[in-house]
Every structure is written in C-alpha cells, then in structure tokens.
Amino acid sequence: MAIPPMVVRPFRPDDGPALAVLHRRAILALPDQDYSRAERKSWARGISAGGYAAAVADEELIQVALGGSAEPIAYCAHRDDSILGLCVDPDWQRHVIGRRLLQRAESMMAASGCEVARVNSSVSAAPFFVRCGYRLLGDGRHLTPGGLTVATLRLEKFIAL
Ligand SMILES: CC(C)(COP(=O)(O)OP(=O)(O)OC[C@H]1O[C@@H](n2cnc3c(N)ncnc32)[C@H](O)[C@@H]1OP(=O)(O)O)[C@@H](O)C(=O)NCCC(=O)NCCS
C-alpha cells in the first residue's frame with residue numbers, strides 16, 4: 001500500500017485543545033468488549049487541554065501528526081524508556097499514522113541511548129504494538145482519573161541502535 005505523506009512536528013502549547021478532543025474521542029471509542037462505558041468515561045475524565053503542556057514541562061516529548069488542514073490528528077508522548085501515550089483520532093485510525101509516530105518516538109529514544117521501549121498499553125491497542133514488534137510481558141493496571149482501575153497490557157521492544 002502506498003503510504004501518504006504525513007507531517008509530524010513537536011508539540012506546541014496551542015495544540016492542547018485539539019489533542020484533548022482527539023484523545024477523548026479515542027478513549028471513548030475503545031471497544032465495548034475491552035472497556036465498559038463507565039471505564040471509558042472514568043479514563044477520559046482526566047483529559048484536559050492544559051495537560052499536555054504540563055507533561056512537556058515534566059520532560060515528556062510529544063510528537064504531533066497533522067492532517068491536510070494542518071490540524072492535529074494524532075500524537076505520541078514518550079519519556080526515558082517509556083511510550084506514555086499514543087493516540088490517533090478514530091477518523092484517522094488504520095492509516096499507518098500510529099505506526100509512523102511510534103517509529104519516530106522509538107528512533108528518538110534509541111538515539112538518546114535507550115535499549116528497550118516499554119509501554120503500558122490499552123488492551124485494545126496491544127495487537128497494534130505486537131504488529132509493531134513489541135512482545136507481551138503480562139497484565140498491567142491503570143488507575144484512571146475518574147477513580148476506576150482498568151486492565152492494561154505491558155509490552156516491550158528492543159530498540160538499541
Ligand atoms: C492503537 C492506535 C494508536 C493504532 O494507530 P493506527 O494509526 O490506527 O494504526 P496503524 O494504521 O499504524 O496500524 C499498524 C499495524 O497495526 C495494525 N493494527 C492497528 N490497530 C489494530 C488493532 N486495534 N488490532 C489489531 N491490529 C491493529 C494495523 O492493521 C497495521 O497492521 P499491518 O502491519 O498488518 O499493516 C490507535 O488505534 C489508537 O489511537 N487507539 C486508541 C488509543 C489507544 O488505545 N492508544 C494506546 C495507548 S498506549
């Protein structure tokens with residue numbers, strides 16, 4: 001399949017509102033068989049437009065993918081050896097955007113000396129990470145901002161240069 005060009009740039013503070021919208025949409029769109037509606041709502045409750053700038057101030061690196069009108073359609077956040085967030089707007093999923101954002105994050109991590117990339121993934125996204133070369137380590141948990149703890153899966157990938 002021909003892969004369309006994709007613009008990716010580092011996060012800017014004015015991306016916050018658009019990232020919050022796509023992040024909330026992606027969480028609420030997780031399939032019913034993986035997460036109940038109550039779990040998704042609890043997870044989405046902590047999403048705020050200001051949260052991304054605060055994360056960057058806390059040394060997270062966020063790469064943002066742009067759509068045709070230069071609007072944010074996806075982002076990937078990482079710090080040290082961890083992928084902390086990877087979200088593609090539901091309207092743009094399955095267009096290789098997640099894979100390319102993840103590859104970019106892994107390249108940056110490897111260039112800074114990380115040998116292994118780790119992720120505590122949603123159950124729904126774990127097959128995507130496996131397709132991208134990650135191996136399943138086991139069950140995880142995530143305490144969502146609304147107070148419910150949800151099931152996750154822990155994965156890792158060797159990325160050393
Ligand atoms: C998981 C997510 C980031 C994938 O992004 P995407 O852009 O849709 O994925 P891609 O198009 O790059 O897919 C890459 C490969 O993974 C596969 N894949 C993607 N999502 C998949 C899924 N849910 N189940 C199985 N395979 C999947 C694709 O078919 C493709 O396979 P290929 O190598 O055979 O072509 C996206 O679905 C998402 O944002 N999900 C909601 C948020 C989330 O759970 N994020 C992870 C939290 S850490």
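**View 1. Glutamine 63 stands opposite cysteine 76 of β3 in this predicted model.** The model is a prediction, in which local features need pLDDT of at least 70 and side-chain atom pairs count only at pLDDT 80 or more, while totals for chains, interfaces and linings use all residues. Residues are numbered from 1 along each chain as its sequence is written. Strands (E, at least two residues) and helices (H or I, at least four) are DSSP runs numbered from the N terminus. Six bridges pair β2 with β3 in the antiparallel sense; two strands count as paired if DSSP finds at least two bridges between them. The two strands form a hairpin with five residues between them, and alanine 70 in this turn has a positive phi of about 65 degrees.

**View 2. β3 and β4 form a hairpin with two residues between them.** Aspartate 80, in the turn, has a positive phi of about 50 degrees. The pairing of β3 and β4 is antiparallel and extends over six bridges. Cysteine 76 has leucine 86 of β4 as its bridge partner. Of the eight residues of β3, seven are buried; a residue is buried if 20 or more other C-beta atoms lie within 10 Å of its own, exposed if 12 or fewer, and partly exposed in between, with C-beta atoms placed from the backbone.

**View 3. Arginine 79 lies in strand β3.** This arginine 79 is partly exposed because 15 other C-beta atoms lie within 10 Å. Leaving aside neighbours within four places in sequence, arginine 79 is in contact (C-beta atoms, placed from the backbone, within 7 Å) with Glu59, Glu60, Leu61 and Leu84. Alanine 55 is 24 residues apart from arginine 79 along the chain, and their C-alpha atoms are separated by 9.7 Å.

**View 4. Seven strands make an open sheet of mixed pairing, in the order β1-β2-β3-β4-β5-β7-β6.** The edges are held by β1 (7-10) and β6 (135-143), each with a single partner strand, so one side of each has no neighbour in the sheet. On average, neighbouring strands of this sheet are turned by 25 degrees against each other, direction ignored. Helix α4 packs on the sheet, touching β1, β2 (61-66), β3 (72-79), β4 and β5, and its direction makes about 30 degrees with that of β3. Such angles run from 0 to 180 degrees between N-to-C directions, with axes fitted as lines to C-alpha atoms, for helices over the stretch in contact. β6 and β7 run antiparallel and are joined by eight bridges. Arginine 135 has glutamate 156 of β7 as its bridge partner.

**View 5. Helix α2 (residues 37-44) has Arg40, Ser42 and Trp43 as its buried residues.** Seen down the axis of α2, these buried residues fall within an arc of 165 degrees, so they line one face of the helix; the arc is that of the directions from the helix axis to the C-beta atoms. Arg37 and Ala38 are exposed on the other side of α2. The cover over the buried residues includes α1 (16-28) and β7 (149-158).

Terms used: Contact = placed C-beta atoms within 7 Å.
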